[in-house]
Amino acid sequence: MNGHVNGMERHQSCQSIYAPTGEVVFAGEWDPKAMLHTLGPESYWQGRSVLDIGSNTSGLSIEIARLGARVTAAEPDPRQTSKHLAINVIQHIIDTEHLDLTLTNTSVFDLDINEKFDAVLFLGLIYHFRHPQYVLDLISNIVGEHLFISCQTIPGDQLIMLNRADKKYDVRRLRNRNLILSGWQPTRALLEKMIELSGFGEVVPISDASLDFPNKPDGHTNNAYYRATKMKKINMASSLREFT
């Protein structure tokens, strides 16, 4: 998405950042206020510890911290295409509003699985991994109560996933056309089963369950948002053996 907002360049593949008064101070393609609305009641976040994995420009992390949560925003940004662009804005907001928001460059594979968070956000990421199920197993170990996850899904009730590099997609959209193991899009049926296999129950769609990609809510990069409750621990040694 190109163009400008309030005279500012709109950055592709970035979340916007809002001032506490409601105006946009960093213009992005995705709207953290719309994402926050999708995640559920604002009262949920008060007093909770939250890990936002792949937090992008931390626009959503900021909104959640403003609601009284203790937030860790994990974004390595190796290509300097998201957090790097907005770091001065992010830090100014944290300092001036005294938000309980910690920025970290930690990747999903470097998370401390001995640390638990009340809620873990894993939005718009799972379909980019070579072994999505292994990554879900890994993340489940740090979820204390709830997982919030979003994905791009395809229609159907079969337990299948397709790749965005398939001929029906415009592969020019991909950063690297050779990354054919990035961009997996499951059916909702498969995504729900994958979440359950990672030790979660009460897997509930919190966005319009009739939508499949490329149809999605305004301001979002994904169509399918789910909330799930942690039920059991996954043994990562066993999970690793299954994927190696």
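This is a predicted model: local features need pLDDT of at least 70, side-chain atom pairs count only at pLDDT 80 or more; totals for chains, interfaces and linings use all residues.

Glu 196 pairs with Lys 193 in a salt bridge, with 3.7 Å between the closest N and O atoms. The rule for a salt bridge requires such atoms to be within 4 Å. Both Lys 193 and Glu 196 belong to helix α5, which covers residues 188-197. They stand 3 residues apart there, about one turn of the helix. Lys 193 is also partly exposed, because its relative accessible area is 38%.

Salt bridges with shared partners also link Lys 33, Glu 63, Arg 66 and Glu 97 into one network. Within it, the side chain of Arg 66 meets that of Glu 63 at 2.8 Å, N to O. Arg 66 and Glu 63 both lie in helix α2 (residues 59-66), and their separation of 3 residues is about one turn of the helix. Their surroundings can be described by accessibility. Arg 66 is partly exposed, because its relative accessibility is 23%, whereas Glu 63 is buried, because its relative accessibility is 6%.

Arg 66 forms a salt bridge with Glu 97 as well, and here the closest N and O atoms are 2.7 Å apart. Arg 66 lies in helix α2 and Glu 97 lies in helix α3 (residues 83-97), so this pair ties together parts that are 31 residues apart in sequence. Glu 97 counts as partly exposed, because its relative accessibility is 22%. By the rule used here, the count comes to 6 salt bridges. In general, side chains of opposite charge can pair when their charged atoms come close.

The C-alpha atoms of Glu 196 and Leu 136 are separated by 9.8 Å, while the two residues are 60 residues apart along the chain. Leu 136 is found in helix α4, residues 132-140. With a relative accessible area of 1%, Leu 136 is buried. Leaving aside residues up to four places away in sequence, Leu 136 touches Ile 126, Leu 147, Ile 149, Met 194, Ile 195 and Ser 198.

Conventions. Residues are numbered from 1 along each chain as its sequence is written. Side-chain values use heavy atoms; hydrogens and water are left out. Helices (H or I, at least four residues) and strands (E, at least two) are DSSP runs, numbered from the N terminus. Buried means under 20% relative accessible area, exposed over 50%, partly exposed in between (1.4 Å probe, protein chains only). Contact means heavy atoms within 4.5 Å.
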